[in-house]
Amino acid sequence: MSNAHNAGFTGYLQRDLLLAYRRRGEAASPLIFFLLVATLVPLGVSPEAGRLEPLAPGIIWVMALLATLLSTEGLFASDYQDGSLEQMIIAPQLLAMPVLGKVTAHWLVTGLPLTLVSPIIGIMLSLPSDGFIPMMASLALGTGCLSLVGAVGAALTVSLRKGGLLLSLLVVPLYMPVIIFGSATVQAGIDGLNWFAPLAILGAMLATAVALCPLAIAGALRLVSSN
Amino acid sequence: MGSGRDWTWFHRLGSPRWFYETTGRWLPLLWAVTLALLVVGLVWGLLYAPQDAKQGNSFRIIYLHVPVSFLALAGYYIMAIAGAVGLIWKMKLSYMVMKSAAPLGAALTFLALFTGAVWGKPTWGTYWVWDARITSMLILLFLYLGVLALQYAFHSQDTGNKASAMLALVGTVNIPIIYKSVDWWYTLHQPATIKLTSAPSMHPDMFKPLLVMILAMYCFYALVLILNTRVEILQRERKTGWVRDLARQADTGPDNQ
Amino acid sequence: MSMQFESFQQAWDMAGHGPYVWTAVLVSVFVLCWLMQRPLVQHRKSLNSIAVQMRREKMRQATNPEEHS
């Protein structure tokens with residue numbers, strides 16, 4: 001039994017990674033978006049390091065959130081269109097496992113690259129050097145939460161043609177705890193405080209999301225695709 | 001109730017017709033109680049309650065703000081529970097209740113924010129403060145709007161019901177987390193000059209009208225929820241015989257014999 | 001318990017806080033009334049539309065009776 005579940009997880013993980021590799025251009029767009037919006041901030045606010053510095057933790061987190069949100073829309077869309085989602089649902093395994101595989105793949109192609117690129121944006125927005133490690137740590141955990149929660153919204157709106165805007169309306173309110181503790185981790189690091197505490201809460205959120213979100217996603221996919 | 005496990009009441013509860021007819025009998029009483037409580041509570045609170053030592057007369061907004069906020073939050077749980085009952089027991093009626101609760105809750109959340117803002121101006125000198133409770137209320141409004149938007153996004157009403165019930169459930173799990181996070185965030189950033197925590201003890205003369213208003217809002221909520229659900233029932237059951245009989249009785253058209 | 005204001009003018013003004021209090025009250029009362037009257041109007045409308053539909057069905061049946069058995 002458990003082997004079959006693992007196969008569902010790794011199978012969909014590998015499949016989605018391969019698909020993302022074949023469509024590299026598409027997978028890179030959240031990253032480019034992340035960098036692009038970072039250039040807008042000095043243009044819109046001020047190029048002075050002194051004015052960018054206090055805003056940097058919050059802005060980096062807001063942009064990471066938006067970049068993840070942009071990419072979640074397509075999480076189940078192509079599978080829904082070509083019918084492979086139907087197959088996934090009627091397969092005898094627990095639906096939560098392939099779902100978790102897909103979301104993990106999504107994190108590996110969006111959340112992880114965002115985390116790795118974030119030091120560049122940190123430099124661009126003159127983030128103090130003490131903030132870099134907390135930023136990367138919080139982004140790594142936080143984007144995982146964002147992918148999981150965003151996938152619930154993506155599953156609910158999968159059958160709608162113009163689901164993108166609706167998806168953001170559904171999901172952004174649920175994102176708020178993540179952004180609070182994410183930017184607080186960075187800020188605590190800059191202020192020389194103990195940034196492990198907010199990071200630990202982010203970790204707890206991720207653990208909860210890993211446990212609950214796949215079930216919600218599976219339920220949502222069943223509901224929406226049955227009609 | 002002959003045997004110990006008599007579930008007929010449960011299934012009867014799920015019957016739209018039974019709901020429509022039973023609530024129809026109780027509605028006049030509920031109307032009377034709601035309107036009476038609202039009028040008594042408002043007049044008592046606005047004109048007879050003593051004024052607050054620090055806030056003066058502006059504190060009278062509490063008689064609207066607090067009851068409305070209570071119901072705005074409780075309404076989300078009522079909506080989510082109705083949705084969950086629909087998902088689990090596939091009960092048509094509970095989807096109708098959920099659908100009626102969404103716009104009602106959104107309107108009450110808006111009112112809570114509005115009365116809070118108007119109260120804020122004379123008390124703290126500004127309409128908007130990023131206080132923990134206000135921020136949580138704003139997020140609650142967005143959660144309601146999400147449920148409403150999802151409900152109407154689908155062509156099939158059935159899918160819309162199921163999807164928004166699911167979203168309401170996800171939101172319910174999240175609300176405590178959101179509230180705790182926002183609370184923590186606020187203590188981190190709390191400006192020292194603004195203290196919003198209200199007085200721990202209230203004078204009984206001030207408290208009694210508040211209690212009346214809270215009771216009035218609960219009745220109001222029940223009343224409007226029932227009224228909206230009855231409309232839902234009429235629209236969904238329009239093909240059935242008993243609704244057609246109702247329409248025939250109410251019909252005052254030209255060629256009705 | 002006693003009346004807090006001596007005149008209508010005083011109750012309206014509420015020592016300078018009147019505009020805030022009465023704005024909150026008026027908007028709230030308006031929204032609450034709107035919430036109450038909306039289902040009442042819809043209730044009547046849906047009954048009417050069902051009645052109209054039934055009348056139309058009856059007319060159709062009267063004009064060509066072989067359509068329905």
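Apart from its neighbours within four places in sequence, A:Thr68 is in contact with A:His106, A:Leu114, A:Thr143, A:Leu146 and A:Ser147. In this predicted model, A:Thr68 is found in helix 4 of chain A, which spans residues 56-72. The relative accessibility of A:Thr68 is 0%, and the residue therefore counts as buried, the cut-off for that class being under 20% relative accessible area.

Turning to the interfaces, the size of such a surface is often given as the accessible area that is lost when the parts come together. Between chain B and chain C, the buried area is about 3,900 Å², with carbon and sulfur atoms giving 73% of that value. Within the share that chain B buries against chain C, B:Leu47, B:Tyr48 and B:Arg238 supply 14%, more than any other three residues. In terms of residues, the contact draws 52 from chain B and 38 from chain C.

As to specific interactions, the count between chain B and chain C is one salt bridge; B:Arg244 forms a salt bridge with C:Glu57, and the closest N and O atoms of this pair lie 2.8 Å apart. Polar contacts across the interface of chain B and chain C amount to four residue pairs, counted where both residues have a pLDDT of 80 or more. On the side of chain B that touches chain C, the elements giving two or more residues are helix 2 (16-48), helix 4 (92-124), helix 7 (204-236) and helix 8 (241-250) of chain B. By class, the residues of this side of chain B divide into 34 nonpolar, ten polar and eight charged.

The interface of chain B with chain A was treated in the same terms. Here, 28 residues of chain B are in contact with 25 residues of chain A, and the two chains bury about 2,100 Å² between them, of which 85% falls on carbon and sulfur atoms. The side of chain B that touches chain A comprises 20 nonpolar, six polar and two charged residues.

Conventions:
Residues numbered from 1 in each chain as written. Chains lettered and ligands numbered in written order. Predicted model: local features only at pLDDT ≥ 70, side-chain atom pairs only at ≥ 80, totals over all residues. Heavy atoms only, no water. Contact = heavy atoms within 4.5 Å. Buried area = accessible area lost by both parts, 1.4 Å probe. Salt bridge = Lys/Arg side-chain N within 4 Å of Asp/Glu carboxyl O. Polar contact = N/O pair within 3.5 Å; in protein donor to acceptor, adjacent residues only side chain to side chain. Helix = DSSP H or I, 4+ residues; strand = E, 2+ residues; numbered from the N terminus. Nonpolar A, V, L, I, M, F, W, Y, C, P; charged D, E, K, R; others polar. Buried < 20%, exposed > 50% of the residue type's maximum accessible area, 1.4 Å probe, protein only.
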